[in-house]
Amino acid sequence: MSRRLLVTTALPYTNGPIHVGHLLEHVQSDIWVRYQRLRGNECIYVCADDTHGTGTMLKAEEEGVDPEVMIEGMRREHVRDFRGFHIDYDNYHSTHSEENRELSELIYQRLVDAGLIFTRDVEQLYDTERNMFLADRFVKGKCPRCGAEDQYGDNCDACGATYNAIELKEPRSLLSGAEPAVRSSPHYFFDLPQYSDFLRRWTRSGAVQPEVANKLAEWLDVGLRAWDISRDAPYFGFLVPGTTDKYFYVWMDAPIGYMASFKNLVDAGGGVRFDDFWSPDAAGDTEVHHFIGKDIVNFHALFWPAVLDGSGFRTPTRLHTHGFLTVNGAKMSKSKGTLINAETCLEYIDPECLRYYYATKLNGTIDDFDLNFDDFAQRVNSDLVGKVVNIASRCAGFINKQFAGRLSAELHDVPLWERFIEARDELAEHFENSATSRGVRLITELADLANQYIARHEPWKLARVPERHDEMQAICSQGINLFRVLAIYLQPILPGMAERSRDFLNAGPFTWDGIDKPLLGHEIGRFQPLFKRMEKKDLEALVEASKIEADADAGEAASTEDDTISIDDFAKVELKVASVVAAEHVEGADKLLRLTVDLGGERHQVFAGIKAAYPNPEDLVGRLVVVVANLAPRKMRFGTSEGMVLAAGPGGADIFLISPDSGAEPGMNVR
């Protein structure tokens, strides 16, 4: 009997682009969804951007646009990036939607009616210059426990203490730099302690992983506090009904965004009813699964189920919680080029490489794991290219050349075939538990067996013996069928490679139930490369590009803080006329040209991102340009850039080198 599942992923905040840390969770959930669909289960997959809060309001103010305009632009970018990594949502919505407003107000009113909402005055830090209360992230000071400086208003990175922002010593507003005052304001609270017993039962019901349940038990044993669900104006979000200056706290309406995105899909003709998944009695027939990081488990495993139950909705079937991602053994860093945006990643590597590497690491627990670039390339090249794809490439040539693409009518080694099929149940368990690392390990073990089988029978030797060609056909046909099983097993992880494999095999859709039906007497197509090796230089270029982006962001931030420079600053810039004496493409770079420029007897190498505008670099030789001659050299993967060529224009093909006046000579200063 097929299952009916609704799957969500934690909502990315609208404050910036998707990066490799975000992708971990979305790849994990997408693999799980694709596995369920491969099994024939009905699986609806939704997400949305998390848009509300003071941060959104301030960022829009800084950019001089309406918040609605800013968040919609970012939502479209997020959708683009997810699609680039084959993350295929049925609906990707926004928490700033009418569906979310209606559901938030409905849930709030039901909580009020159930006696679960009360008000009390709250003391907070108030920025008297900006005329607003300060969220924890907008205030810093000394830790009240250990005295460490420069700590945020909720917890200390140095000693791990948690506290109220008003306890900070020597607090300062990050918005104005002023010392904030302490002011009181009435807030709305959800009476979470009433749900202590309910949550003890729910967290031990199998809805969360055992290690998560143990952590939640610590909080439950200490005692739950009432949850502040409101924030003071000014704030970007939904007004609390009946008020004019109180807004729902972002963590109140953000999880409701799961329901709102699903409702948006339903209302657009999604073929299901809202109550099929969210009514209190739906839990017997349908399932709701949330994929989240361990940093937000308290919101999803304490507040969220209590709010749902208190407002008359069903609780989630299961939370799939994962750990944190590090890159090359450390926290992601802009300066090191390891805080890598999805868009940049797509320029340098096949997105399925990252999907596969994440799959090799995810084990269904909350353990942290590392994206190590050396291991990354080695695993992709060894497992996918050297083992899995190698099976098809070794066998297909013989079948295509000697037998016009026709596979044999019988399996050559039935016990080996059955061993591949018997792995299906174990793999199903690993996929179901999001333990894809164990699943990948099993798949690569099977690939090793297939390669050993081919090596043992040496079909390339049989090709030289005409009377043994039937045996060769049977061996290579067995190899092709073993490859097909592996391609089906890998389809949730590598949907692109699976599609290319289906085309090559002429096999139609891959299905879990069809794994044990070999292709016999079947005609396959011509083999085409299914996967490319990862090159170390591509990863190095990716890191370098991320560093350049970080530098550009830092420069933009600096100019935002102070858009003016002094005449003394400008006087430091040395502009000179230069002659281009050599120009060439840069291997491995999509945008760069390597220029050698002569500044009057002194030659510099300069890398310029003008390839789109000047596709024939030899046309630049002999041209006079203006160069920033005293720019500090910058090491790049392709070499050292020793200056900057000035250009203007909107970018891409529409960028133009700045030429000096006629009569200028190399080495002349530009005034």
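Is Glu98 buried, exposed or partly exposed, and what is its relative accessible area? In this predicted model, Glu98 has a relative accessible area of 46% and is therefore classed as partly exposed. The residue forms a salt bridge with Arg101, in which the closest N and O atoms are 3.2 Å apart. Both Glu98 and Arg101 belong to helix α4, which spans residues 98–113, and a separation of three residues places them about one turn of the helix apart. Arg101, for its part, is also partly exposed, because its relative accessible area is 27%, a value that falls between the limits of 20% and 50%.

With a relative accessible area of 29%, Arg130 is partly exposed.

A further salt bridge is found between the side chains of Lys142 and Glu149, where the N to O distance is 4.0 Å. The two partners fall into separate accessibility classes: Lys142 counts as partly exposed, at 24% relative accessibility, while Glu149, with a relative accessible area of 56%, is exposed, the limit for that class being over 50%. Salt bridges also occur in a network, which links Arg4, Glu42, Arg273 and Asp276.

Attention may finally be given to Lys576, which lies in strand β17, comprising residues 575–585. The relative accessibility of Lys576 is 19%, and this residue therefore counts as buried, the limit for that class being under 20%. The side chain of Lys576 is joined to that of Glu574 by a polar contact of 3.3 Å. When its neighbours within four places in sequence are left aside, Lys576 is in contact with Leu599, with Val625, Val626, Val627 and Ala629, and with Gly667, Met668, Asn669 and Val670.

Notes
Residues are numbered from 1 along each chain as its sequence is written. This is a predicted model: local features need pLDDT of at least 70, side-chain atom pairs count only at pLDDT 80 or more; totals for chains, interfaces and linings use all residues. Side-chain values use heavy atoms; hydrogens and water are left out. Buried means under 20% relative accessible area, exposed over 50%, partly exposed in between (1.4 Å probe, protein chains only). Helices (H or I, at least four residues) and strands (E, at least two) are DSSP runs, numbered from the N terminus. A polar contact is a pair of N or O atoms within 3.5 Å; within protein, one must be able to donate a hydrogen and the other to accept it, and residues adjacent in sequence count only if both atoms are side-chain atoms. Contact means heavy atoms within 4.5 Å.
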